[in-house]
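Here is a short briefing to read with the sequence and the model side by side. Please take a moment to look at both before going through the points.

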Amino acid sequence: MKLDILAIGAHPDDVELGCAATLAKEIAAGKKVGIIDLTRGELGTRGTAVTRDEESAQAAKILGVSFRENLNFADGFFTNDKTHQIAIIKMIRKYQPEIVICNAIEDRHIDHEKGSKLVSDACFLSGLIKIETQNTDGNFQKPWRPKQIYHYIQWKNLKPDVVVNVSGFMDIKMKAVLAYKTQFYDKNSKEPETPITSKNFTDSINYRARDLGRLIGVEHAEGFTVERYVAVDSLFDLK
(Lines give C-alpha, C1' and ligand atoms only; values in the text may rest on other atoms or scores of the structure.)
Protein backbone atom coordinates (compact mmCIF):
# COMPACT_ATOMS: atom_id res chain seq x y z
CA MET A 1 0.00 0.00 0.00
CA LYS A 2 1.45 3.34 -1.09
CA LEU A 3 0.76 6.08 1.47
CA ASP A 4 0.49 9.82 1.21
CA ILE A 5 1.12 10.29 4.94
CA LEU A 6 2.60 8.01 7.58
CA ALA A 7 2.03 9.32 11.11
CA ILE A 8 4.23 7.83 13.84
CA GLY A 9 3.97 8.15 17.61
CA ALA A 10 6.04 6.84 20.49
CA HIS A 11 2.81 5.88 22.27
CA PRO A 12 -0.77 5.19 21.27
CA ASP A 13 -2.54 8.58 21.57
CA ASP A 14 0.52 10.68 20.57
CA VAL A 15 -0.67 10.93 16.98
CA GLU A 16 -4.23 11.75 18.03
CA LEU A 17 -3.12 14.52 20.37
CA GLY A 18 -0.54 15.91 17.96
CA CYS A 19 -2.08 15.85 14.51
CA ALA A 20 -5.41 14.02 14.35
CA ALA A 21 -7.31 16.96 12.88
CA THR A 22 -4.71 17.36 10.12
CA LEU A 23 -4.94 13.65 9.32
CA ALA A 24 -8.74 13.74 9.32
CA LYS A 25 -8.67 16.67 6.90
CA GLU A 26 -6.30 14.90 4.50
CA ILE A 27 -8.29 11.67 4.69
CA ALA A 28 -11.45 13.62 3.81
CA ALA A 29 -9.55 14.99 0.80
CA GLY A 30 -8.84 11.44 -0.38
CA LYS A 31 -5.31 10.97 0.93
CA LYS A 32 -4.13 7.57 2.14
CA VAL A 33 -2.93 7.78 5.75
CA GLY A 34 -1.47 5.16 8.08
CA ILE A 35 -0.38 5.20 11.73
CA ILE A 36 2.49 3.37 13.41
CA ASP A 37 2.87 3.33 17.20
CA LEU A 38 6.36 2.52 18.43
CA THR A 39 5.25 1.15 21.82
CA ARG A 40 2.03 -0.07 23.43
CA GLY A 41 2.26 2.54 26.17
CA GLU A 42 2.63 -0.21 28.73
CA LEU A 43 4.28 2.03 31.32
CA GLY A 44 1.33 4.43 31.42
CA THR A 45 0.03 5.05 34.94
CA ARG A 46 -3.54 4.31 33.92
CA GLY A 47 -4.86 1.39 31.93
CA THR A 48 -2.85 -1.48 30.47
CA ALA A 49 -1.20 -2.39 27.18
CA VAL A 50 -4.34 -4.36 26.32
CA THR A 51 -6.69 -1.44 26.95
CA ARG A 52 -4.39 0.84 24.95
CA ASP A 53 -4.55 -1.67 22.06
CA GLU A 54 -8.34 -1.52 22.16
CA GLU A 55 -8.43 2.26 22.45
CA SER A 56 -5.95 2.83 19.63
CA ALA A 57 -7.97 0.55 17.34
CA GLN A 58 -11.12 2.54 18.11
CA ALA A 59 -9.32 5.85 17.54
CA ALA A 60 -8.01 4.60 14.18
CA LYS A 61 -11.55 3.65 13.18
CA ILE A 62 -12.81 7.12 14.10
CA LEU A 63 -10.09 8.78 12.02
CA GLY A 64 -10.60 6.43 9.07
CA VAL A 65 -6.92 5.62 8.53
CA SER A 66 -5.94 2.88 6.10
CA PHE A 67 -4.11 0.90 8.78
CA ARG A 68 -2.53 1.07 12.22
CA GLU A 69 0.44 -1.04 13.33
CA ASN A 70 2.46 -1.30 16.53
CA LEU A 71 6.20 -2.07 16.50
CA ASN A 72 6.20 -3.24 20.15
CA PHE A 73 9.29 -1.29 21.16
CA ALA A 74 9.85 -1.11 24.93
CA ASP A 75 7.98 1.83 26.40
CA GLY A 76 10.45 4.15 28.11
CA PHE A 77 13.48 2.08 27.12
CA PHE A 78 13.70 1.97 23.32
CA THR A 79 16.85 3.53 21.90
CA ASN A 80 17.97 5.15 18.68
CA ASP A 81 20.14 2.28 17.49
CA LYS A 82 20.49 0.10 14.40
CA THR A 83 17.91 -2.48 15.48
CA HIS A 84 15.17 0.11 16.03
CA GLN A 85 16.15 2.13 12.96
CA ILE A 86 15.94 -0.94 10.72
CA ALA A 87 12.47 -1.78 12.06
CA ILE A 88 11.25 1.66 11.05
CA ILE A 89 13.13 1.62 7.74
CA LYS A 90 11.25 -1.54 6.80
CA MET A 91 7.93 0.24 7.46
CA ILE A 92 8.97 3.32 5.46
CA ARG A 93 10.04 1.18 2.51
CA LYS A 94 6.91 -0.93 2.79
CA TYR A 95 4.48 1.98 2.66
CA GLN A 96 6.58 4.57 0.77
CA PRO A 97 4.96 7.66 2.33
CA GLU A 98 5.38 11.04 0.70
CA ILE A 99 5.21 12.67 4.13
CA VAL A 100 6.10 11.41 7.60
CA ILE A 101 4.69 13.11 10.70
CA CYS A 102 6.27 12.19 14.04
CA ASN A 103 6.83 13.22 17.64
CA ALA A 104 7.86 16.62 18.96
CA ILE A 105 11.55 17.48 18.70
CA GLU A 106 11.53 18.60 22.34
CA ASP A 107 9.09 17.56 25.04
CA ARG A 108 8.41 16.58 28.64
CA HIS A 109 8.28 12.80 28.02
CA ILE A 110 11.67 11.31 27.16
CA ASP A 111 10.14 8.94 24.60
CA HIS A 112 8.84 11.84 22.54
CA GLU A 113 12.25 13.34 21.84
CA LYS A 114 13.79 9.87 21.38
CA GLY A 115 11.01 8.85 19.01
CA SER A 116 11.34 12.08 17.06
CA LYS A 117 15.07 11.63 16.42
CA LEU A 118 14.75 7.89 15.82
CA VAL A 119 12.12 8.32 13.12
CA SER A 120 13.95 11.24 11.52
CA ASP A 121 17.19 9.25 11.35
CA ALA A 122 15.37 6.22 9.95
CA CYS A 123 13.78 8.36 7.22
CA PHE A 124 17.23 9.47 6.08
CA LEU A 125 18.77 6.00 6.27
CA SER A 126 15.81 4.51 4.40
CA GLY A 127 16.97 6.33 1.28
CA LEU A 128 20.43 4.77 1.27
CA ILE A 129 20.79 2.05 -1.36
CA LYS A 130 23.49 0.14 0.53
CA ILE A 131 21.22 -0.51 3.52
CA GLU A 132 19.47 -3.74 2.59
CA THR A 133 16.16 -4.79 4.12
CA GLN A 134 13.68 -7.52 3.33
CA ASN A 135 9.92 -7.64 3.63
CA THR A 136 8.00 -10.44 5.34
CA ASP A 137 8.10 -12.49 2.13
CA GLY A 138 11.88 -12.34 2.04
CA ASN A 139 12.02 -9.97 -0.91
CA PHE A 140 14.49 -7.08 -0.87
CA GLN A 141 12.92 -3.66 -0.42
CA LYS A 142 13.69 -0.63 -2.56
CA PRO A 143 15.18 2.45 -0.87
CA TRP A 144 12.66 5.17 -0.08
CA ARG A 145 13.01 8.57 1.54
CA PRO A 146 9.95 10.72 2.35
CA LYS A 147 9.84 14.14 0.75
CA GLN A 148 9.21 15.89 4.05
CA ILE A 149 9.17 15.20 7.80
CA TYR A 150 6.90 17.20 10.06
CA HIS A 151 7.00 17.10 13.86
CA TYR A 152 3.77 17.72 15.75
CA ILE A 153 3.72 19.68 18.99
CA GLN A 154 2.93 17.93 22.27
CA TRP A 155 3.23 19.00 25.92
CA LYS A 156 5.53 21.99 25.41
CA ASN A 157 4.27 25.01 23.51
CA LEU A 158 6.93 24.97 20.82
CA LYS A 159 6.88 27.65 18.14
CA PRO A 160 5.53 26.06 14.95
CA ASP A 161 7.17 26.49 11.55
CA VAL A 162 4.01 25.44 9.70
CA VAL A 163 0.41 25.95 10.80
CA VAL A 164 -2.42 23.98 9.20
CA ASN A 165 -6.01 25.17 9.11
CA VAL A 166 -8.05 22.29 10.56
CA SER A 167 -11.35 24.10 11.00
CA GLY A 168 -14.22 21.64 10.77
CA PHE A 169 -12.12 18.66 11.87
CA MET A 170 -11.69 19.24 15.59
CA ASP A 171 -14.76 17.16 16.45
CA ILE A 172 -13.16 14.12 14.82
CA LYS A 173 -9.88 14.83 16.62
CA MET A 174 -11.57 15.05 20.00
CA LYS A 175 -13.55 11.85 19.44
CA ALA A 176 -10.31 10.07 18.51
CA VAL A 177 -8.50 11.47 21.56
CA LEU A 178 -11.32 10.58 23.93
CA ALA A 179 -11.38 7.03 22.60
CA TYR A 180 -8.50 6.61 25.07
CA LYS A 181 -10.92 6.41 27.98
CA THR A 182 -8.32 5.20 30.47
CA GLN A 183 -5.91 8.04 29.77
CA PHE A 184 -7.84 11.28 30.06
CA TYR A 185 -10.26 13.12 32.31
CA ASP A 186 -12.89 10.97 33.99
CA LYS A 187 -14.47 12.40 37.12
CA ASN A 188 -15.50 8.89 38.21
CA SER A 189 -12.07 7.29 37.84
CA LYS A 190 -10.40 5.94 40.98
CA GLU A 191 -7.01 5.60 39.30
CA PRO A 192 -4.06 7.92 40.12
CA GLU A 193 -3.99 11.42 38.71
CA THR A 194 -1.39 12.23 36.04
CA PRO A 195 -0.48 15.42 34.14
CA ILE A 196 -2.86 14.43 31.31
CA THR A 197 -5.88 13.31 33.34
CA SER A 198 -7.07 16.77 34.38
CA LYS A 199 -10.00 18.50 32.71
CA ASN A 200 -7.63 21.40 32.08
CA PHE A 201 -5.46 19.18 29.88
CA THR A 202 -8.43 17.95 27.85
CA ASP A 203 -9.69 21.52 27.46
CA SER A 204 -6.20 22.63 26.41
CA ILE A 205 -6.37 20.48 23.28
CA ASN A 206 -9.17 22.66 21.99
CA TYR A 207 -7.91 26.03 23.24
CA ARG A 208 -4.44 25.44 21.77
CA ALA A 209 -6.06 24.74 18.39
CA ARG A 210 -8.29 27.80 18.77
CA ASP A 211 -5.35 30.01 19.68
CA LEU A 212 -3.28 28.86 16.70
CA GLY A 213 -6.37 29.35 14.55
CA ARG A 214 -6.77 32.88 15.90
CA LEU A 215 -3.22 33.69 14.89
CA ILE A 216 -3.81 32.68 11.28
CA GLY A 217 -7.37 33.95 11.03
CA VAL A 218 -9.29 30.66 11.15
CA GLU A 219 -11.26 28.77 13.78
CA HIS A 220 -8.82 25.94 14.56
CA ALA A 221 -5.27 25.03 13.56
CA GLU A 222 -2.50 22.54 14.32
CA GLY A 223 1.18 23.46 14.34
CA PHE A 224 4.27 21.57 13.20
CA THR A 225 8.01 22.08 13.22
CA VAL A 226 10.29 21.10 10.33
CA GLU A 227 13.93 20.17 9.86
CA ARG A 228 14.25 21.68 6.39
CA TYR A 229 12.80 24.82 4.89
CA VAL A 230 9.29 24.50 3.55
CA ALA A 231 9.47 25.71 -0.06
CA VAL A 232 6.75 27.35 -2.15
CA ASP A 233 6.74 28.21 -5.84
CA SER A 234 5.32 31.67 -5.27
CA LEU A 235 4.71 34.09 -2.42
CA PHE A 236 1.06 33.86 -3.40
CA ASP A 237 1.01 30.22 -2.26
CA LEU A 238 1.25 31.47 1.33
CA LYS A 239 -1.99 32.02 3.21
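Leu238 sits in the segment after strand 7 (221–226); helices (H or I, at least four residues) and strands (E, at least two) are DSSP runs, numbered from the N terminus. This is a predicted model, in which local features need pLDDT of at least 70 and side-chain atom pairs count only at pLDDT 80 or more, while totals for chains, interfaces and linings use all residues. Residues are numbered from 1 along each chain as its sequence is written, and side-chain values use heavy atoms, with hydrogens and water left out.

**At the surface**

- Leu238 is exposed because its relative accessible area is 53%; buried means under 20% relative accessible area, exposed over 50%, and partly exposed in between (1.4 Å probe, protein chains only).
- Together with Val232, Leu235 and Phe236, Leu238 makes a nonpolar surface patch of about 510 Å².
- Patches are made of residues with over 30% relative accessible area and no salt bridge, where like charges are joined within 9 Å and nonpolar side chains (Val, Leu, Ile, Met, Phe, Trp, Tyr) within 5 Å.
- The accessible areas come from the Shrake-Rupley method with a 1.4 Å probe, and for residues only the protein chains shown count as cover.

- Asp14 belongs to helix 1 (residues 14–28).
- The side chain of Asp14 does make a polar contact of 3.1 Å with that of Asn103. A polar contact is a pair of N or O atoms within 3.5 Å; within protein, one must be able to donate a hydrogen and the other to accept it, and residues adjacent in sequence count only if both atoms are side-chain atoms.
- Not counting residues up to four places away in sequence, Asp14 touches Gly9, Asn103, His112, Tyr152 and Gln154, where contact means heavy atoms within 4.5 Å.
- Val15 is also in helix 1, and it counts as buried because its relative accessibility is 0%.
- Beyond its neighbours within four places in sequence, Val15 has contacts that include Ala7, Ile8, Leu23 and Tyr152.

**Two positive phi angles**

- Most residues other than glycine have a negative phi.
- Asp13, in the loop between strand 1 (5–9) and helix 1, has a positive phi near 100°.
- Is Asp13 buried or exposed? Asp13 counts as buried, because its relative accessibility is 4%.
- Asn72 lies in strand 3 (residues 67–73), and its phi is positive too, at about 60°.
- Asn72 is exposed, with a relative accessible area of 53%.

**Buried residues in loops**

- Ala179 is in the loop between helix 5 (170–177) and helix 6 (199–216), and its 8% relative accessibility is why it counts as buried.
- Setting aside neighbours within four places in sequence, Ala179 contacts Glu55, Gln58, Ala59 and Ile62.
- Although Ala179 and Glu16 are 163 residues apart along the chain, their C-alpha atoms are separated by 9.7 Å.
- Ser126 is found in the loop between helix 4 (110–125) and strand 5 (148–152), and it is buried because its relative accessible area is 0%.
- With neighbours within four places in sequence left aside, the contacts of Ser126 include Ile89, Arg93 and Trp144.

**Salt bridges**

- How many salt bridges are there? The count comes to 15, where a salt bridge is a side-chain nitrogen of Lys or Arg within 4 Å of a carboxyl oxygen of Asp or Glu.
- Arg40 and Asp53 form one, with their closest N and O atoms 2.4 Å apart. This pair links distant parts of the chain, with Arg40 in the loop between strand 2 (33–39) and helix 2 (49–63) and Asp53 in helix 2, 13 residues apart.
- Glu69 and Lys94 meet in a salt bridge of 3.5 Å, N to O. Here Glu69 in strand 3 is linked with Lys94 in helix 3 (residues 82–95), 25 residues apart.
- Lys199 and Asp203 pair at 3.0 Å, N to O; both lie in helix 6, 4 residues apart, about one turn of the helix.
- Lys2, Glu98 and Lys147 are linked in a network of salt bridges.
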